[in-house]
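Could you walk me through this model, one selection at a time? I have the viewer open and would like to know what to click on next and what is there.

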Amino acid sequence: MSIKGPGLPVFDLIMSIADLVDLVSPVIENHHKQTAYIAYCIGEELGLPERELFRLYTAGSLHDMGAFSLESKLKVLDFEVLNAHQHAYTGYLLLKDFAPLTDIGRIIRYHHVPWMDGEGREWNGAAVPELSHIVHLADRIAVLIDRDAEVLQQVRGIVARISEKSGSLLMPEAVDAFRKLAEKESFWLDVVSKSLGLVTRRLVKARIYEFEGVSIYGVAEALRRIIDFRSRFTAVHSSGVAAVAGFLASFSFLDMNSINLIKVAGLLHDIGKLIVPSEVLEKTGSLSRADVLLLRKHTYYSF
Ligand SMILES: [Fe+2]
Ligand SMILES: [Fe+2]
């Protein structure tokens, strides 16, 4: 399906998804952006090429998207996280059929695999991308930051805790790169900055290799899976709305381009529901006032 219009602002799109999935709770605010930024900086310190840096940034921005419930989102903030692979695998499933992000899905799938003195280069017989280990490290650094304390006073403690796990949990080359990075005060101040999005925009030279030749409909369809698969009650909701809206529009005076855009709007109309944890979406009994208010906000965030 071809749709005329401006090019895809992929960088904005990725950042918006990262923001939405972190809006579930103030405890995890900016977690995806922080992980993405840290992963990007470690990749730069390791001298990775620009294309790999963009992949690192994208994987970091989406790495926990498979954690649907608030409970699972909070669990992955523990430094020594148990049963971590389920949300990593779900994240992979959400992306694997969308060609431009299949590769990012593979990085996400293995982002909790321990290094185990190099044995973590493989997991269940499959090769683990090196970038997964970098995202893993970035994620662990992000969860160690105490949001209520001065970050510069935490640097020594965080470096010591990460260094302890070099070789066992974390890839040593990446840890060494992080130790160098940790000497820069500006790195830490960026990570906790309220303007991290702007900082990153300046840093990431968003060459959009992965999305070349992909239609906006393809992107909307991929996002639709992320929106709908979070609850069995909504599994085909957005595709149903898109189909009905397209069908109704076909009886109007609108041209084909406009009809196709209406279908895209149908696929994306509930994207703001990413701020609602699956516990609320899946509730079978009556909703509390807080749940209702949270659900009402989804239209604002969709916009
Ligand atoms: Fe995770
Ligand atoms: Fe995480």
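Before the first selection, one definition: donors are N, O and S atoms within 2.8 Å of the metal (3.2 Å for Na, K and Ca), and water is not among the atoms, so sites may look incomplete. This is a predicted model, in which local features need pLDDT of at least 70 and side-chain atom pairs count only at pLDDT 80 or more, while totals for chains, interfaces and linings use all residues. Residues are numbered from 1 along each chain as its sequence is written, chains are lettered from A and ligands numbered from 1 in the order in which they are written, and side-chain values use heavy atoms, with hydrogens and water left out.

**Stop 1: the iron ion (ligand 1)**

Select the iron ion (ligand 1) and show the side chains of D64, H87, H111 and H112. These residues coordinate the ion through OD of D64 and NE2 of H87, H111 and H112, at 2.1 to 2.2 Å. Along the chain, the donors of the iron ion (ligand 1) are spaced as D-x22-H-x23-H-H. The angles between its four donor atoms run from 81 to 175 degrees, so the arrangement is irregular. For that label, four donors count as tetrahedral if all angles lie between 85 and 135 degrees; four count as square planar and six as octahedral if opposite donors are over 155 degrees apart and all others between 65 and 115; anything else is irregular.

Now stay on D64, which bridges the iron ion (ligand 1) and the iron ion (ligand 2), 4.0 Å apart. D64 sits in the loop between α3 (50–62) and α4 (70–75), and H112 in the loop between α6 (99–109) and β1 (122–123), so this pair ties together parts 48 residues apart in sequence. The element names come from DSSP runs, helices being H or I with at least four residues and strands E with at least two, numbered from the N terminus. D64 counts as buried at 4% relative accessibility, and H112 counts as buried at 6%. Here buried means under 20% relative accessible area, exposed over 50%, and partly exposed in between (1.4 Å probe, protein chains only).

**Stop 2**

H63, in the loop between α3 and α4, and D139, in helix α7 (residues 130–144), link distant parts of the chain, 76 residues apart. Both H63 and D139 are buried.

**Stop 3: helix α6**

Next, color P100, L101, I104, G105, I107 and I108, which are buried in α6. They cover an arc of only 160 degrees around the axis, so they lie on the same side of α6. The arc is that of the directions from the helix axis to the C-beta atoms. Contact means heavy atoms within 4.5 Å.

**Stop 4: helices α8 and α9**

Move on to helix α8 (residues 155–164) and helix α9 (residues 172–181), whose axes come within 10 Å and cross at roughly 170 degrees. That makes α8 roughly antiparallel to α9. Axes are lines fitted to C-alpha atoms, for helices over the stretch in contact, and angles run from 0 to 180 degrees between N-to-C directions. Angles under 35 degrees count as roughly parallel, over 145 as roughly antiparallel, 65 to 115 as roughly perpendicular and the rest as oblique. I158, V159, I162 and S163 of α8 meet V175, F178 and R179 of α9.

In α9, select the buried residues A174, V175, A177, F178 and L181. Their arc around the axis is only 160 degrees, which puts them on the same side of α9. Their cover includes α2 (31–45), α7, α8 and α10 (185–191).

**Stop 5: helices α12 and α13**

Helix α12 (residues 216–228) and helix α13 (residues 237–249) pack at an angle of about 135 degrees, with their axes 8 Å apart. R224, I227 and D228 of α12 make the contact with H237, S238 and S239 of α13.

Finish with L268 in helix α14 (residues 256–268). L268 touches A220, L223 and I227, leaving aside residues up to four places away in sequence.
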